[in-house]
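Thank you all for coming. I would like to take you slowly through one structure this morning, so please have the sequence and the view open while I talk.

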Amino acid sequence: MIEVVRDPGLLRERLVGSRRAGQSIGLVPTMGALHAGHQALLETARRENDVVVASIFVNPLQFNRSEDLATYPRTMETDLKLCDRCGVDIVFAPEQTDLYPAPQLTFVESPALSAHLCGEFRPGHFRGVATVVLKLFNLVQPDRAYFGEKDAQQLVIIRRMAQDFNLPITVVPIPTVREADGLAISSRNQLLTPEHRQIAPVLSRSLRQAIDLIEAGERRATVVREQALAVITPCAQVRLEYFELVDPELLTPIAHIDGPVLVAAAIWLDSVRLIDNMSWPSAAGNLASF
Ligand code: AMP
(Lines give C-alpha, C1' and ligand atoms only; values in the text may rest on other atoms or scores of the structure.)
Protein backbone atom coordinates (compact mmCIF):
# COMPACT_ATOMS: atom_id res chain seq x y z
CA MET A 1 0.00 0.00 0.00
CA ILE A 2 1.38 3.39 -1.00
CA GLU A 3 2.26 5.73 1.87
CA VAL A 4 1.68 9.47 1.50
CA VAL A 5 3.89 11.55 3.79
CA ARG A 6 3.54 15.28 4.13
CA ASP A 7 5.89 16.06 6.97
CA PRO A 8 9.67 16.21 6.21
CA GLY A 9 10.51 14.94 9.72
CA LEU A 10 8.24 11.91 9.34
CA LEU A 11 9.77 11.18 5.94
CA ARG A 12 13.27 11.11 7.44
CA GLU A 13 12.09 8.84 10.26
CA ARG A 14 10.33 6.52 7.86
CA LEU A 15 13.51 6.09 5.78
CA VAL A 16 15.89 5.49 8.71
CA GLY A 17 14.67 1.90 9.01
CA SER A 18 15.05 1.22 5.29
CA ARG A 19 18.59 2.51 5.28
CA ARG A 20 19.51 0.49 8.40
CA ALA A 21 18.13 -2.61 6.73
CA GLY A 22 20.55 -1.98 3.86
CA GLN A 23 17.80 -1.17 1.38
CA SER A 24 18.65 1.06 -1.58
CA ILE A 25 16.52 4.15 -2.04
CA GLY A 26 15.51 5.72 -5.37
CA LEU A 27 14.07 9.25 -5.57
CA VAL A 28 11.93 10.67 -8.37
CA PRO A 29 11.33 14.41 -7.86
CA THR A 30 8.24 15.75 -9.64
CA MET A 31 5.80 18.64 -9.57
CA GLY A 32 2.83 16.32 -10.07
CA ALA A 33 0.39 16.30 -13.01
CA LEU A 34 2.06 13.01 -13.75
CA HIS A 35 2.18 11.59 -17.29
CA ALA A 36 3.99 8.95 -19.33
CA GLY A 37 7.29 10.87 -19.00
CA HIS A 38 7.17 10.70 -15.22
CA GLN A 39 6.04 7.09 -15.49
CA ALA A 40 9.29 6.18 -17.29
CA LEU A 41 11.27 7.66 -14.38
CA LEU A 42 9.13 5.86 -11.77
CA GLU A 43 9.35 2.50 -13.55
CA THR A 44 13.12 2.71 -13.89
CA ALA A 45 13.43 3.69 -10.22
CA ARG A 46 11.22 0.73 -9.31
CA ARG A 47 13.47 -1.69 -11.20
CA GLU A 48 16.70 -0.34 -9.71
CA ASN A 49 15.90 0.21 -6.01
CA ASP A 50 14.43 -1.50 -2.96
CA VAL A 51 12.49 1.58 -1.87
CA VAL A 52 11.05 4.15 -4.29
CA VAL A 53 10.18 7.65 -3.11
CA ALA A 54 8.35 10.04 -5.46
CA SER A 55 8.04 13.65 -4.41
CA ILE A 56 5.15 15.79 -5.61
CA PHE A 57 5.73 19.45 -4.90
CA VAL A 58 5.03 22.51 -7.03
CA ASN A 59 8.06 24.49 -5.96
CA PRO A 60 7.28 28.23 -5.80
CA LEU A 61 10.99 29.06 -5.71
CA GLN A 62 11.50 28.04 -9.34
CA PHE A 63 8.60 30.00 -10.87
CA ASN A 64 9.58 33.43 -12.08
CA ARG A 65 6.06 34.17 -13.32
CA SER A 66 3.41 33.97 -10.61
CA GLU A 67 0.79 33.34 -13.30
CA ASP A 68 2.62 30.17 -14.33
CA LEU A 69 2.62 28.95 -10.72
CA ALA A 70 -1.10 29.66 -10.40
CA THR A 71 -2.03 27.82 -13.60
CA TYR A 72 0.30 24.84 -13.05
CA PRO A 73 -1.96 21.75 -13.23
CA ARG A 74 -2.60 19.97 -9.93
CA THR A 75 -4.00 16.43 -10.12
CA MET A 76 -3.03 14.77 -6.83
CA GLU A 77 -5.68 12.05 -6.87
CA THR A 78 -4.74 10.63 -10.28
CA ASP A 79 -1.04 11.18 -9.51
CA LEU A 80 -1.34 8.89 -6.49
CA LYS A 81 -3.04 6.24 -8.61
CA LEU A 82 -0.22 6.35 -11.17
CA CYS A 83 2.40 6.15 -8.40
CA ASP A 84 0.59 3.16 -6.96
CA ARG A 85 0.48 1.42 -10.35
CA CYS A 86 4.22 2.04 -10.80
CA GLY A 87 4.96 0.44 -7.43
CA VAL A 88 6.07 3.61 -5.63
CA ASP A 89 6.45 2.97 -1.89
CA ILE A 90 6.30 6.50 -0.55
CA VAL A 91 4.89 9.72 -2.02
CA PHE A 92 6.34 12.77 -0.33
CA ALA A 93 3.79 15.54 -0.85
CA PRO A 94 4.62 18.47 1.42
CA GLU A 95 2.78 21.78 1.53
CA GLN A 96 4.77 24.94 0.84
CA THR A 97 5.05 25.67 4.56
CA ASP A 98 6.40 22.18 5.24
CA LEU A 99 9.40 22.64 2.94
CA TYR A 100 9.77 26.37 3.54
CA PRO A 101 8.73 26.90 7.19
CA ALA A 102 10.84 30.07 7.20
CA PRO A 103 11.94 32.22 4.26
CA GLN A 104 14.73 30.44 2.37
CA LEU A 105 17.91 32.49 2.83
CA THR A 106 20.40 30.01 1.42
CA PHE A 107 20.47 28.96 -2.23
CA VAL A 108 22.33 26.75 -4.67
CA GLU A 109 23.57 28.80 -7.62
CA SER A 110 25.14 27.57 -10.85
CA PRO A 111 25.68 30.83 -12.74
CA ALA A 112 27.86 29.40 -15.51
CA LEU A 113 25.43 26.57 -16.23
CA SER A 114 22.42 28.90 -16.05
CA ALA A 115 23.77 31.57 -18.39
CA HIS A 116 22.34 30.11 -21.60
CA LEU A 117 19.23 28.27 -22.84
CA CYS A 118 16.30 28.45 -20.38
CA GLY A 119 18.47 30.07 -17.71
CA GLU A 120 18.84 33.19 -19.80
CA PHE A 121 15.09 33.65 -20.06
CA ARG A 122 13.98 32.39 -16.63
CA PRO A 123 16.11 34.29 -14.12
CA GLY A 124 16.26 32.46 -10.79
CA HIS A 125 14.60 29.33 -12.15
CA PHE A 126 17.55 26.95 -11.80
CA ARG A 127 18.52 28.44 -8.47
CA GLY A 128 15.02 27.46 -7.29
CA VAL A 129 15.29 23.99 -8.85
CA ALA A 130 18.76 23.21 -7.47
CA THR A 131 17.81 24.51 -4.02
CA VAL A 132 14.68 22.37 -3.71
CA VAL A 133 16.44 19.32 -5.14
CA LEU A 134 19.24 19.69 -2.58
CA LYS A 135 16.56 19.85 0.15
CA LEU A 136 14.98 16.67 -1.25
CA PHE A 137 18.37 14.96 -1.52
CA ASN A 138 19.08 15.79 2.13
CA LEU A 139 15.68 14.62 3.34
CA VAL A 140 15.57 11.37 1.37
CA GLN A 141 19.32 10.66 1.06
CA PRO A 142 18.68 8.47 -1.97
CA ASP A 143 21.23 6.19 -3.60
CA ARG A 144 19.85 7.16 -7.00
CA ALA A 145 17.79 10.09 -8.26
CA TYR A 146 15.98 10.09 -11.61
CA PHE A 147 15.71 13.07 -13.96
CA GLY A 148 14.37 13.38 -17.50
CA GLU A 149 16.52 14.37 -20.45
CA LYS A 150 13.52 16.45 -21.51
CA ASP A 151 14.83 19.10 -19.08
CA ALA A 152 18.42 18.85 -20.27
CA GLN A 153 19.74 21.97 -18.55
CA GLN A 154 18.17 20.91 -15.25
CA LEU A 155 19.77 17.47 -15.59
CA VAL A 156 23.21 18.96 -16.23
CA ILE A 157 22.88 21.36 -13.28
CA ILE A 158 21.72 18.67 -10.83
CA ARG A 159 24.40 16.26 -11.97
CA ARG A 160 27.04 18.93 -11.54
CA MET A 161 25.67 19.95 -8.13
CA ALA A 162 25.98 16.33 -6.97
CA GLN A 163 29.55 16.22 -8.27
CA ASP A 164 30.63 19.63 -6.95
CA PHE A 165 29.16 19.02 -3.48
CA ASN A 166 30.38 15.39 -3.24
CA LEU A 167 26.86 14.05 -2.81
CA PRO A 168 26.87 10.24 -2.70
CA ILE A 169 23.97 10.07 -5.15
CA THR A 170 23.89 8.68 -8.67
CA VAL A 171 21.91 10.97 -10.96
CA VAL A 172 20.20 8.73 -13.53
CA PRO A 173 19.10 10.32 -16.85
CA ILE A 174 15.93 9.03 -18.51
CA PRO A 175 15.32 9.55 -22.27
CA THR A 176 12.52 11.91 -23.30
CA VAL A 177 9.14 10.24 -23.74
CA ARG A 178 7.27 11.58 -26.78
CA GLU A 179 3.81 11.50 -28.31
CA ALA A 180 3.49 9.60 -31.60
CA ASP A 181 3.92 12.87 -33.54
CA GLY A 182 7.19 13.66 -31.74
CA LEU A 183 5.92 16.24 -29.23
CA ALA A 184 7.76 15.75 -25.94
CA ILE A 185 5.21 14.88 -23.27
CA SER A 186 4.78 17.70 -20.77
CA SER A 187 2.23 18.78 -18.18
CA ARG A 188 2.02 22.03 -20.13
CA ASN A 189 0.74 20.28 -23.28
CA GLN A 190 -2.74 20.12 -21.77
CA LEU A 191 -2.80 23.93 -21.67
CA LEU A 192 -2.50 24.08 -25.49
CA THR A 193 -5.57 24.86 -27.61
CA PRO A 194 -6.44 22.07 -30.11
CA GLU A 195 -5.01 24.25 -32.92
CA HIS A 196 -1.76 24.86 -31.07
CA ARG A 197 -1.50 21.19 -30.14
CA GLN A 198 -1.42 20.47 -33.90
CA ILE A 199 1.34 23.01 -34.41
CA ALA A 200 3.47 22.05 -31.38
CA PRO A 201 5.38 19.11 -32.98
CA VAL A 202 7.17 21.71 -35.13
CA LEU A 203 9.55 22.06 -32.17
CA SER A 204 10.75 18.45 -32.21
CA ARG A 205 10.75 18.46 -36.02
CA SER A 206 13.14 21.42 -36.04
CA LEU A 207 15.45 19.66 -33.57
CA ARG A 208 15.35 16.51 -35.64
CA GLN A 209 16.22 18.58 -38.70
CA ALA A 210 19.27 19.90 -36.84
CA ILE A 211 20.36 16.40 -35.85
CA ASP A 212 19.83 15.14 -39.42
CA LEU A 213 22.06 17.93 -40.77
CA ILE A 214 24.81 17.17 -38.26
CA GLU A 215 24.46 13.48 -39.00
CA ALA A 216 24.86 14.30 -42.72
CA GLY A 217 28.17 16.04 -41.95
CA GLU A 218 27.31 19.72 -41.50
CA ARG A 219 29.68 21.15 -38.88
CA ARG A 220 28.83 24.87 -38.90
CA ALA A 221 26.45 25.62 -36.03
CA THR A 222 25.04 28.75 -37.71
CA VAL A 223 24.08 26.73 -40.81
CA VAL A 224 22.49 23.97 -38.72
CA ARG A 225 20.56 26.56 -36.69
CA GLU A 226 19.36 28.48 -39.74
CA GLN A 227 18.13 25.40 -41.57
CA ALA A 228 16.48 23.99 -38.47
CA LEU A 229 14.74 27.31 -37.85
CA ALA A 230 13.34 27.18 -41.38
CA VAL A 231 11.09 24.40 -40.08
CA ILE A 232 9.60 26.72 -37.43
CA THR A 233 9.39 30.11 -39.14
CA PRO A 234 6.47 29.25 -41.48
CA CYS A 235 4.29 28.85 -38.36
CA ALA A 236 3.20 32.39 -37.62
CA GLN A 237 1.66 31.38 -34.29
CA VAL A 238 5.01 30.22 -32.90
CA ARG A 239 7.20 32.69 -31.05
CA LEU A 240 10.78 31.45 -30.81
CA GLU A 241 12.54 32.01 -27.49
CA TYR A 242 15.85 30.33 -28.28
CA PHE A 243 17.38 27.67 -30.50
CA GLU A 244 20.95 26.88 -29.52
CA LEU A 245 23.74 24.38 -30.09
CA VAL A 246 25.76 23.98 -26.90
CA ASP A 247 28.38 21.84 -25.23
CA PRO A 248 26.42 19.04 -23.50
CA GLU A 249 28.26 19.43 -20.17
CA LEU A 250 29.21 23.10 -19.95
CA LEU A 251 26.14 24.38 -21.83
CA THR A 252 28.23 26.99 -23.63
CA PRO A 253 27.44 27.84 -27.27
CA ILE A 254 29.30 25.88 -29.95
CA ALA A 255 30.33 27.44 -33.26
CA HIS A 256 31.97 24.42 -34.88
CA ILE A 257 30.73 20.91 -34.17
CA ASP A 258 33.76 18.77 -33.47
CA GLY A 259 32.36 16.66 -30.64
CA PRO A 260 29.09 15.92 -28.84
CA VAL A 261 26.48 18.66 -29.06
CA LEU A 262 23.18 19.41 -27.35
CA VAL A 263 20.59 21.12 -29.53
CA ALA A 264 17.96 22.79 -27.35
CA ALA A 265 15.06 25.09 -28.07
CA ALA A 266 12.10 26.84 -26.47
CA ILE A 267 9.00 28.22 -28.18
CA TRP A 268 5.83 29.93 -27.08
CA LEU A 269 2.36 29.19 -28.39
CA ASP A 270 0.27 31.99 -26.89
CA SER A 271 1.03 31.79 -23.18
CA VAL A 272 2.27 28.20 -23.24
CA ARG A 273 6.01 27.71 -23.25
CA LEU A 274 7.40 24.46 -24.67
CA ILE A 275 10.98 23.21 -24.46
CA ASP A 276 12.71 20.28 -26.08
CA ASN A 277 16.20 19.11 -26.96
CA MET A 278 18.14 16.40 -28.74
CA SER A 279 21.75 15.46 -28.42
CA TRP A 280 24.22 14.24 -30.98
CA PRO A 281 25.54 11.64 -31.43
CA SER A 282 23.18 9.86 -29.00
CA ALA A 283 19.90 11.05 -30.59
CA ALA A 284 20.94 9.92 -34.08
CA GLY A 285 20.16 6.30 -33.39
CA ASN A 286 16.54 6.69 -32.31
CA LEU A 287 15.28 9.28 -34.76
CA ALA A 288 13.17 6.73 -36.55
CA SER A 289 10.93 6.52 -33.49
CA PHE A 290 8.77 9.44 -34.68
P1 AMP B 1 8.29 17.98 -13.60
O2 AMP B 1 7.15 17.36 -12.86
O3 AMP B 1 7.90 18.67 -14.86
O4 AMP B 1 9.19 18.81 -12.72
O5 AMP B 1 9.19 16.76 -14.09
C6 AMP B 1 9.68 15.82 -13.19
C7 AMP B 1 10.71 14.99 -13.88
O8 AMP B 1 10.11 14.31 -14.98
C9 AMP B 1 11.87 15.81 -14.43
O10 AMP B 1 13.08 15.13 -14.18
C11 AMP B 1 11.55 15.88 -15.90
O12 AMP B 1 12.70 16.03 -16.71
C13 AMP B 1 10.91 14.52 -16.12
N14 AMP B 1 10.08 14.56 -17.34
C15 AMP B 1 9.08 15.41 -17.64
N16 AMP B 1 8.59 15.16 -18.87
C17 AMP B 1 9.31 14.13 -19.36
C18 AMP B 1 9.29 13.40 -20.59
N19 AMP B 1 8.44 13.70 -21.57
N20 AMP B 1 10.16 12.39 -20.75
C21 AMP B 1 11.05 12.07 -19.78
N22 AMP B 1 11.12 12.71 -18.59
C23 AMP B 1 10.26 13.73 -18.39
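Predicted model: local features only at pLDDT ≥ 70, side-chain atom pairs only at ≥ 80, totals over all residues.

**Asparagine 189 and its surroundings**

Leaving aside residues up to four places away in sequence, asparagine 189 touches Leu183, Ala184 and Leu274, where contact means heavy atoms within 4.5 Å. Residues are numbered from 1 along each chain as its sequence is written, and side-chain values use heavy atoms, with hydrogens and water left out.

Asparagine 189 sits in the loop between strand E6 (170-174) and helix H10 (194-199); the helices (H or I, at least four residues) and strands (E, at least two) that I name are DSSP runs, numbered from the N terminus. Is asparagine 189 buried or exposed? With a relative accessible area of 10%, asparagine 189 is buried, on a scale where buried means under 20% relative accessible area, exposed means over 50%, and partly exposed lies in between, using a 1.4 Å probe and protein chains only. The side chain of asparagine 189 also reaches the backbone oxygen of alanine 184, at 3.1 Å.

Let me turn now to the packing of helices. Two packed helices are described by the angle between their axes and the distance between the axes. Here the axes are lines fitted to C-alpha atoms, for helices over the stretch in contact, and the angles run from 0 to 180 degrees between N-to-C directions.

Helix H8 (residues 125-140) packs against helix H9 (residues 152-164) at an angle of about 50°, and their axes are 10 Å apart. That angle makes H8 oblique to H9, given that angles under 35 degrees count as roughly parallel, over 145 as roughly antiparallel, 65 to 115 as roughly perpendicular and the rest as oblique. Which residues make the contact of H8 and H9? From H8 come Phe126, Val129, Ala130, Val133, Leu134 and Phe137, and from H9 come Gln153, Gln154, Ile157, Ile158 and Met161. By class, the residues of the contact of H8 with H9 divide into nine nonpolar, two polar and no charged, where Ala, Val, Leu, Ile, Met, Phe, Trp, Tyr, Cys and Pro count as nonpolar, Asp, Glu, Lys and Arg as charged, and the others, Gly among them, as polar.

H8 also meets helix H1 (residues 8-20), and the axes of H1 and H8 come within 8 Å and cross at roughly 50°, which makes H1 oblique to H8. Pro8, Leu11, Arg12, Leu15 and Arg19 of H1 make this contact with Asn138, Leu139 and Val140 of H8, and the contact of H1 with H8 has five nonpolar, one polar and two charged residues.

Next, two buried residues. Leucine 42, in helix H2 (residues 36-48), counts as buried at 0% relative accessibility. Not counting residues up to four places away in sequence, leucine 42 touches Val28, Leu34, Ala54, Leu82, Cys83, Cys86 and Val88.

I will finish with the backbone. Glutamine 141, in the loop between H8 and strand E5 (144-148), has a positive phi of about 45° although it is not a glycine, and glutamine 141 is partly exposed at 39% relative accessible area. Asparagine 166, in the loop between H9 and E6, has a positive phi of about 55°, again without being a glycine, and asparagine 166 counts as exposed at 67% relative accessibility. Finally, the peptide bond from tryptophan 280 to proline 281 is cis, with omega near 15°, and proline 281 lies in the segment after strand E9 (272-280).

Notes. Polar contact = N/O pair within 3.5 Å; in protein donor to acceptor, adjacent residues only side chain to side chain.
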